[in-house]
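Subject: Structure handover

Hello,

Here is the structure I promised to pass on. Please open it first, then read my notes below.

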Amino acid sequence: MNLTLKIWRQKNAQDKGQLVDYKISDVSPDMSFLEMLDVLNDGLVEKGDEPVAFDHDCREGICGMCSLYINGEAHGPDRGVTTCQLHMRMFKDGDTIFIEPFRAKAFPVIKDLVVDRSAFDRIQHAGGFISVNTSGNTQDANAIPIPKHDADRAFDAATCIGCGACVATCKNSSAMLFVSAKVSQFALLPQGKVEAAERVLNMVEQMDHEGFGNCTNTGACEIECPKGISLENIARMNREYFKASIK
Amino acid sequence: MAKSALLKSSIGKKYWMALTGLFLCLFLVGHLAGNLQLLFGTQLQFNEYALFMTTNPAVKILSYVTYISILFHAIDGILLTIQNKKARPIGYAKNNAGANSAWASRNMAVLGTLILIFIATHMVNFWAKMHFTTMPLQKITVEAQPGATQDFYLTSGWGQDKFIPVQSVDGENIVLDGRDFYYTKPLKVKFAEGYKDLHTITIEFFKDPKWGLAFTIFYVFSMAVLAFHLLHGFNSAFQSLGANNPKYTPAIKVFGKGFAIIVPLLFAIIPLYIHFFK
Ligand code: HEM
Ligand code: SF4
Ligand code: FES
């Protein structure tokens, strides 16, 4: 396949940045999207140009590090995949592909397509944990009976990999899907109930403080989320927040 | 521990959007029930309803809750929208939003602002007239005997009443605004303050030779805007309030879509009927 890429290039956080056109030929439909960018970068390095900076780590859809807004969608046009799992067979010969960084005030661009998502870490620090005794006599978690239904939903919420596609996709740059997944994975389990009220209040406060937008319930996040995190989690967080507020 | 912020936090603001929005949905049902009397009721029934709506103390309290809800909903909605715009200072060169969300859900602020403009013009055209101007009163001409007619203003029935006995439906000829009306019961009428004739004002408004068609089109357009606002808003409010449950949500969604289409449609039929068929 021969493709035209329109890639966002930006030297550093201060630079204004712009879209730059690149031609790339002989792209195999079996390549992953990131492999295609690797090939592009090899060519740029050979010519002595600056390679395109982009985030990645596991390249198997589990770390949440890869990002990219591809042709107007977070992680590109495929559903239920991260960019590292996106294949070039989703595109046609002769296509023009826009490749932009995730855009949000809370996710500032560091360089080219790399953005700083540490706002998510700070939200996690505000309450995305449980306090347990780790001194050696920790209780076996399986010793606590949990209804299968609750365990399944908690697990579903826990599959969030913190990639930020929900924020990038949302017209409001809202982080509600991410935060609600992190709130839900504990709210559903007995171990998480102890700190449930504090957790939701603190995490939502941090979320607002980081400059994410508000949720309009458009549902775009749920569609673009590589892990299929459901809007039900946002409703659960809204309930948890109300319960915690009137306590 | 963080203090809860039921007014200031993003989630708190959404509770208020949802509560005021759903209250306004209830208001729409009440308002529609009254308006439908323009189609299915008599002139007297409609004017009785209009008087009730402007004087009854319970309705007064409800109407203040409605004014406050509209203001709060609009201000809160605009504040949310401004915050949301600020959350993405640099937009995308290419954004395929249609792939993952409905148009209405992405344009609630535009739709809401159009509704606000409609409400403002609507209040100038009807509400302010009813509240602040001297309106024509509903008048009946009674012909007790052939040739002997007398005008009466209909009233709500307090004060000096006058009874007009009606012998038989065919024999008694009561003329009301040029149309024949038959009453089988004695008619209670009063001379002085009668019913403000909002019925006639409304009919004349939509039948105005110069502007009637434009007013009708604007009204119908605004109802379409309302339909789109509700197509997203009705169900969104339940999500905001935390009601999302695999058991009930599908039913709420179907009801919400039905509500969003049927209520504005019924509102819109009234001016269309008046303009084209009355
Ligand atoms: C009869 C009139 C109206 C009704 C019945 C109504 C109803 C609703 C409902 C039920 C919602 C969903 C709330 C939620 O997502 O939790 C909503 C959202 C919204 N409304 Fe209205 N509304 C009306 C008028 C207005 C007006 C006059 C404005 C003025 C700007 C407005 C602006 C908005 C906005 C911006 C949202 C979306 C807020 C967000 O981002 O989530 N609405 N409306
Ligand atoms: S909710 Fe989905 S899109 Fe958002 S951070 Fe988690 S995995 Fe990524
Ligand atoms: S690189 Fe780890 S999820 Fe894509």
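This is a predicted model: local features need pLDDT of at least 70, side-chain atom pairs count only at pLDDT 80 or more; totals for chains, interfaces and linings use all residues.

Start with helix H2 of chain A.

How do the two helices sit? H2(A) covers residues 118–127 and H5(A) covers 176–187. They pack at an angle of about 30°, and their axes are 11 Å apart. Angles under 35 degrees count as roughly parallel. H2(A) and H5(A) are therefore roughly parallel to each other. The crossing of H2(A) past H5(A) is right-handed.

Now stay with H5(A) and look at its other partner in these notes. That is helix H7 of chain A, residues 196–209. H5(A) and H7(A) pack at about 165°, with their axes 11 Å apart. Over 145 degrees counts as roughly antiparallel. So H5(A) and H7(A) are roughly antiparallel to each other. Their crossing is right-handed. From H5(A), the contact takes in Met176(A), Val179(A), Lys182(A), Val183(A), Phe186(A) and Ala187(A). From H7(A), it takes in Arg199(A), Val200(A), Met203(A) and Met207(A). These residues divide into 8 nonpolar, no polar and 2 charged.

Next, the ligand. Where does ligand 1 lie? It lies between chains A and B. In total, 24 residues surround ligand 1. The closest are Lys14(B), His73(B), His229(B), Ser236(B) and Ser240(B). The shell around ligand 1 has 11 nonpolar, 12 polar and 1 charged residues.

Which helices of chain B each supply at least two residues of that shell? They are H1 (10–35), H4 (57–86), H6 (108–132) and H8 (212–240).

- Ser240(B): an N or O atom in its side chain is 2.6 Å from an oxygen atom of ligand 1.
- His229(B): a polar side-chain atom lies 2.8 Å from a nitrogen atom of ligand 1.
- Thr216(A): an N or O atom in its side chain is 2.8 Å from an oxygen atom of ligand 1.

Last, look at H1(B) and H8(B). Their axes come within 10 Å and cross at roughly 135°. That makes H1(B) and H8(B) oblique to each other. H1(B) passes H8(B) in a left-handed crossing. H1(B) brings Lys14(B), Tyr15(B), Ala18(B), Leu22(B), Cys25(B), Leu28(B) and Asn35(B) to the contact. H8(B) brings Tyr219(B), Leu226(B), Leu230(B), Phe234(B), Ser236(B), Ala237(B), Phe238(B) and Ser240(B). By class, the contact of H1(B) with H8(B) has 11 nonpolar, 3 polar and 1 charged residues.

Best wishes

Technical notes:
Residues are numbered from 1 along each chain as its sequence is written. Chains are lettered from A and ligands numbered from 1 in the order in which they are written. Side-chain values use heavy atoms; hydrogens and water are left out. Axes are lines fitted to C-alpha atoms, for helices over the stretch in contact, and angles run from 0 to 180 degrees between N-to-C directions. Helices (H or I, at least four residues) and strands (E, at least two) are DSSP runs, numbered from the N terminus. Angles under 35 degrees count as roughly parallel, over 145 as roughly antiparallel, 65 to 115 as roughly perpendicular and the rest as oblique. A crossing is left-handed if the near helix is turned anticlockwise from the far one by less than a right angle, and right-handed if clockwise. A residue is near a molecule or strand if one of its heavy atoms lies within 4 Å of it. A polar contact is a pair of N or O atoms within 3.5 Å; within protein, one must be able to donate a hydrogen and the other to accept it, and residues adjacent in sequence count only if both atoms are side-chain atoms. Ala, Val, Leu, Ile, Met, Phe, Trp, Tyr, Cys and Pro count as nonpolar, Asp, Glu, Lys and Arg as charged, and the others, Gly among them, as polar. Contact means heavy atoms within 4.5 Å.
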